[in-house]
Amino acid sequence: MSESTAGDANPNWRGGYSNRYGSGWSVMRERIRERDKECQHCGHGGSDRRLEVHHIVPVRVFRSADELAIEDAHRAENLVLLCNRCHPRADHGAIEFEEPVEILFEAKR
């Protein structure tokens, strides 16, 4: 997304982050940024590319499973820091990470 239409520059901006990821997302996102510090695929440090947190098991999987809470998607073992060039590639399966499948089989808290 262009910086000129991101955040409060977007005409649809209503402030803050959407609740679509549930509680705990913003806290975990910052923890993963601190933990990983650079893109975990290409090693880019974020000097000229935005670093983004990627869900290895997608949030949509947690949304569609009645026995899982959406907040389970934000567990540290399911998150990895990627640059904005690698992130879309991971989203489309061109970059793979070992999936923490155990989080899919734990009961909803």
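The protein chain exposes about 7200 Å², of which carbon and sulfur atoms supply 47%; accessible areas come from the Shrake-Rupley method with a 1.4 Å probe, and for residues only the protein chains shown count as cover. The model is predicted: local features need pLDDT of at least 70, side-chain atom pairs count only at pLDDT 80 or more, and totals for chains, interfaces and linings use all residues. Residues are numbered from 1 along each chain as its sequence is written, and side-chain values use heavy atoms, with hydrogens and water left out.

**Overall architecture**

- The protein chain contains 3 helices and 2 strands, arranged along the sequence as α-β-α-β-α; helices (H or I, at least four residues) and strands (E, at least two) are DSSP runs, numbered from the N terminus.
- Of the 109 residues in the protein chain, 34% are buried, where buried means under 20% relative accessible area, exposed over 50% and partly exposed in between (1.4 Å probe, protein chains only).
- Among contacts (heavy atoms within 4.5 Å) between residues at least 6 apart in sequence, 71% join residues at least 24 apart.

**Strand 2 and its pairing**

- Strand 2 (residues 79-83) is largely enclosed by the rest of the structure, because 5 of its 5 residues are buried.
- Leu79, Leu81 and Cys83 cover one side of this strand and Val80 and Leu82 the other, all of them buried.
- Strand 1 (residues 51-55) runs antiparallel to strand 2 and is joined to it by 5 bridges; two strands pair if DSSP finds at least two bridges between them.
- Leu51 has Cys83 in strand 2 as its bridge partner.

**Nonpolar cores**

- A nonpolar core is a set of buried Ala, Val, Leu, Ile, Met, Phe, Trp, Tyr and Cys residues joined through side-chain atoms within 4.5 Å.
- In the largest core, of 15 residues, Ile32, Cys39, Val53, Leu79, Leu82 and Cys86 touch the most other members.
- Helix 1 (25-36), strand 1, strand 2 and helix 3 (86-91) each give two or more residues to this core, and strand 2 provides the largest share, 5 residues.
- Beyond residues up to four places away in sequence, Ile32 touches Lys37, Val53, Ala76, Leu79, Val80 and Leu81.
- A second, separate core of 8 residues includes Val57, Ala65, Leu68 and Ala73.

**Aromatic pair**

- The whole structure holds 1 aromatic pair, a term for rings of Phe, Tyr and Trp (its six-membered ring) whose centres lie within 6.5 Å, with planes under 30 degrees apart counted as stacked, over 60 as edge-to-face and the rest as tilted.
- Tyr21 and Trp25 form this edge-to-face pair, at 5.1 Å centre to centre and 85° between the planes.
- Trp25 counts as buried because its relative accessibility is 11%.
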